[in-house]
Amino acid sequence: MSALVKASILANMAQNKLVVSPIICGSQLGASSIDLRLGNVFLMVRARGIPAVDPGRFAHADDTAGDHAFQQARRQKHERYEASFGHKFLLHPGMLALVPTLEWIKLPANLQGIVTARSSWAREGLSIATASLIHPGYKGVITLELANLGQIPLTLYPGLRIAQIAFYSLSEDAKEKDMGSRFNMAFEPVEGNVAHEDEAFLP
Amino acid sequence: MNSKEFLLQECENVRATLQDVLRHDYAAGSSQEFYDEFCERLEVLESILEPTDPTDVSTLGTFAKEISLLSTLVHRVERSHAGEFPWPFTEYLQDLAEPLCMENLAQNEGKPIIRVYAEGGLFSYQINLEDDLSVLNIGRRIFTIVFPHTLRHHVLLHAIFGHEIGHAAWTIPQHKSDLKGKVLEPLRAVGPLNSTSQATAWLKDTKAPPPILELRDQYADEYSEITLNQLDSWFQEFMCDLFGLVTFGGSFLAAHQTLLLALDPSGHRWGPYHPPYVCRKAMLWHACKHLGWPNFPSDISDTKLRSDIEAFVTEYCGSPPGPWEDIFTQDQVAQAVDALKDLLTQVGTSCFSMPDESILLPLVRMLREQIPPCGSDLSGSENPANRNVDFRHILFAGWIVADELAGQNNDAGKGGQFLVLNKLCEMGLLQQRAIDRYKAAKEGGTS
């Protein structure tokens, strides 16, 4: 596995294998990465939403519209905001927000992406360190898990460059059957399922 | 407590509710202009009510209506939370409608205050402009855009707002006069809807299509005659359909057909406010012909795109109408369309023009590959040459691909495919807005 330099990234885009759309300006292209911008949907944990994130609650729930209690708990976990450009969003210390990138990403079977914070924002305390691996074959926006590790609130606006993605070539193409993801074709952040395939360890 | 005291109390209640709604984010930028306008109206209302004689029932009645209007508007604001609407589409719609809704009022150059909320179902698409400013003599109108709650992110269907822009324009006196004289006059000059007696005879024509005969029997008592008010309402609908066509183009045709036939699958129902859909479609067929849209596919060199556009034209521009529903001549419709285009151009509202192949083909290709359609440069250039793309061309591309998917022999998941297409187009509008904003800032303009 080796990281792609700018020329390789652009060559993959020129061959329509890799899509990062839109790249608003050339300065988003780094030596071996592309800067990603903040999209316009924010999922914020709701303080009064649910008592705890309990995988046991997810384990035997029916993940369809029919299970009222499960669906209600799931929906009440977050507040959802949608903002236009120029609209301010405050990320307080200790707060977690799920946000999409403005860019739509399409990865071929032989590339994976790694997403990290831009260093200028990381220095202000912004972390997007979790779930940073983007699997080969993925298509959609990327969900960023923003956390403010600093002591003062951060003001964010849709369209700001806050993250970056680097691409790594794989030793061979990922298999079609391995490339499916529950989050494929994502248009905005959604809640995960922390019990998925771990039911054996849950009450 | 007498009526006057109660109305003054209600002014206080409205003021308290206005303060309370400040808890919500209900505007893309600032809620200040709405707040200031309301405070001013409440002050004016109170200053008029205070010296009013409690026995002056006429004046009290007038101001009761004003207070009721204010409380309704505040209540709507509560539903205008950020997050309920497709903001990028709304902003493009505002850009399109605002020049038309400007007027020579006392303050702020007549710029309306625009509020957005989601409510109701299929029938809920509306753009409402306050239609009477005389009582309070206030300088700004409040302009509300209403999205059906369940369809709020179905941007392809939102092209129907082109029709609603027509209703908004009709409430502005200077436009109403022009629209009556220049757009409606040619439509009303001749034909079966020329008078109430002719219109009634037309509806009772024994050669009317079978669904009309059935409906006529069914509603015999209720709609035995067409009244002048009904005729006026019908012509306003015809005019608004032309607004939709001229402002939103092809995507309006598709949204219009999809929504109206969903509400009336036969296309032949009529009511006091709406003429039969088949007559509206017949008029739009003449208008498309006048605009040269049926010939548009011949300008396209890409074989696949050409065949998709031909399918679109067949589906939505339609075929020559039957004799009963063909109530306007080609010349009548052509005159009305040209007059409307002139009026829109004069006020600075841009009319739809068919996109070049160089614009349309990349958008359609992006959608086929499930990439949000916009002016993004995907060529892998070190200095991406992103393009400004008219948002209506994004919607048009969306409908072409929707039609392509609908034509495939795979019924499973068609509804889901349409939803995905809408989401892709909504995302494309957001991305295009970002491109436009960046380019405008680079060029030293504002966005």
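Mentor: Start with A:A69, which counts as exposed because it has 10 C-beta neighbours inside 10 Å. The cut-off for exposed is 12 or fewer. Keep in mind that this is a predicted model. A:A69 sits in helix α3 of chain A, which covers residues 68-76. For a sense of distance, take A:R37. A:R37 and A:A69 are 32 residues apart in sequence. In space, their C-alpha atoms are 36 Å apart.

Now the chain around that residue. Chain A has four helices and 15 strands. Its C-alpha atoms fill a box of roughly 50 × 45 × 25 Å along the principal axes. Of the 203 residues in chain A, 33% are buried. Take the contacts in chain A with a separation of 6 or more: 83% of them join residues 24 or more positions apart.

Next, the partner. In chain A, 27 residues are in contact with 27 residues of chain B. On the chain A side, the elements giving two or more residues are α1 (6-14), β2 (19-21), β5 (78-82) and β8 (104-106). The largest share comes from α1(A), with four residues. By type, the chain A side that touches chain B divides into 16 nonpolar, seven polar and four charged residues.

Definitions and conventions: Residues are numbered from 1 along each chain as its sequence is written. Chains are lettered from A and ligands numbered from 1 in the order in which they are written. This is a predicted model: local features need pLDDT of at least 70, side-chain atom pairs count only at pLDDT 80 or more; totals for chains, interfaces and linings use all residues. A residue is buried if 20 or more other C-beta atoms lie within 10 Å of its own, exposed if 12 or fewer, and partly exposed in between; C-beta atoms are placed from the backbone. Two residues are in contact if their C-beta atoms, placed from the backbone, lie within 7 Å. Ala, Val, Leu, Ile, Met, Phe, Trp, Tyr, Cys and Pro count as nonpolar, Asp, Glu, Lys and Arg as charged, and the others, Gly among them, as polar.
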